[in-house]
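Open the structure in your viewer and follow along. Each stop tells you what to select and what is there.

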Amino acid sequence: MPEQIVDPDAGPYWEGVAKGELRYQCCMSCGQAFFFPRTVCPHCLSKELEWRKSRGLGQVYAFTVVHRAPDAAFAQRVPYVVAMVDLEEGFRMMTNVVSCSPDAVRVGMEVSLVFGTGVDGQQLPYFQPKAPGEER
Amino acid sequence: MSVRRACAVVGVAESRLGVVPDATVLTLQAEAAVAALADAGLQKSDVDGLLCAGRWSSTMQLQLAEYLGINPSFSDGTTVGGASFEFHLGHAAAAIQAGLCNVALILYGSTQRSRRERSLGSREAGLGYQYESPYGMPSPVGAYAMAASRHMALYGTTSEQLAEVAVAARKWAMLNPRAYRREPLTVEDVLGSEMISTPLHKLDCCLVTDGGGAVVVVSPEIARSLRKPPIWLLGHGEAHSHAMISQMPDLTVSPAARSGSRAFAMAGLRPSDVDVAQIYDSFTITVLLTLEALGFCKPGEAGAFVSGGRIAPGGEFPLNTSGGGLSYTHPGQFGIFLIIEAARQLWGECGERQVPDAEVALVSGTGGVLSSNSTCILGRD
């Protein structure tokens, strides 16, 4: 199966995922959060970066329900939701929305982090509809 | 800071298009190059600039120049997806203006259809892509689908409005003898076609064909010595904002906003001055987003803009008069064909699909996943 590339930029990100944590970076020079992990801030190019742990709460920014998957492994999961989620800490990431009918997903929907298993057997950060009153 | 009238398009041509199983990418580009040079009335020995892009090699310029026996003094392989050729037009203009070359050949070719090369995205997980590939987004359609979802949520854009782009493209294609798909198409047909990734159906997506194209661009002195009227580059702009869709700052704002404003400013023109437009139609949503970014309508209004026949033959805003990537041809990347059709419209060569008295043409190429855009404004005296 395709390798999960672990590169030096990724740092603590995939370790966090394996432990059930969603980690992201915040720039200590300009104060902005960003994703994906880098060795420099994409806003100001500073190297003064800090890793933080996300509470895992956010909103669906955009989504699509996939009917024609990119390969045989994903075809088994059709139809499934690919989404971009805006986390409350101020960064955006791609993910899958799970634990609900794909027809129920909406732009702006409140979601919360849940870990699941990818098609290669790896643990991944997914999101599910946020339960009323749910906090982390 | 300006390449206004720094160069002119003087010859254009396509290769064989559609399903061409017995040609290589080099064959197709050679066909197009020979025909475009003949269209211009120039010889291969005149060519001293070469610009190309595509996906068939990591050393395309070297292999193309070798195949054709060209030794360029200016060589550019800017590769930003389907928009590369619009970037190339501006780069050729700058090189010609600087005296680095006088006759530039822009080339493209692909045999993706016959070699079944177009896929929905590999599982490559390197560098930034490791943060997208685990989630199974079919690429590029899934990215454009997400942009459409955002546009629909913000503005109430409907699937019917998206389908209007495909319906209009087919009407133009029915007037183009070289178009791949020429049978009548309705909104119902589009909505009834297979759903690929919501909200985009199969008929919201461009064709998968073989084909190549060539554009000859020259200095003003050479242009004025040739038979056909020069098609001047009046304005140019280029921009790119991301590689992966999850890094796009705003899914409803194409980089065409930046490149278009620069192109119009350089040309000293406004959207209302454009007689005919060729806007990259990789997907129906691409056209809506680009129309808004270029200022042909306000953000959120493109759905209404493309409806009611405005962009179809006989409408107020002739758009994608070849039939576009949706119905005419789309060999992986379409940008060069936008320039070819724009030039032909300004030369009056478009037969049944000719826009009467066309003097100013806009070309706007988009590449990647709404990643790059270059806008060129062309005009004739």
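Helices (H or I, at least four residues) and strands (E, at least two) are DSSP runs, numbered from the N terminus. Axes are lines fitted to C-alpha atoms, for helices over the stretch in contact, and angles run from 0 to 180 degrees between N-to-C directions. This is a predicted model: local features need pLDDT of at least 70, side-chain atom pairs count only at pLDDT 80 or more, and totals for chains, interfaces and linings use all residues. Residues are numbered from 1 along each chain as its sequence is written, chains are lettered from A and ligands numbered from 1 in the order in which they are written, and side-chain values use heavy atoms, leaving out hydrogens and water.

**Stop one: two helices**

Select residues 159-173 of chain B, helix α5, and residues 284-294 of chain B, helix α9. Their axes lie 8 Å apart, at an angle of about 100 degrees. That makes α5(B) roughly perpendicular to α9(B) (65 to 115 degrees counts as such). Now show the contact (heavy atoms within 4.5 Å). From α5(B) come L162(B), V165(B) and A166(B); from α9(B) come T284(B), I285(B), V287(B) and L288(B).

**Stop two: the interface**

Show both chains. Here 41 residues of chain A are in contact with 36 residues of chain B. Together the chains bury about 3,200 Å² (accessible area, 1.4 Å probe, lost on being put together, summed over both). Select Y61(A), R68(A) and M94(A): in chain A, these lose the most area to chain B.

Technical notes: Parallel < 35°, antiparallel > 145°, perpendicular 65-115°, else oblique. Buried area = accessible area lost by both parts, 1.4 Å probe.
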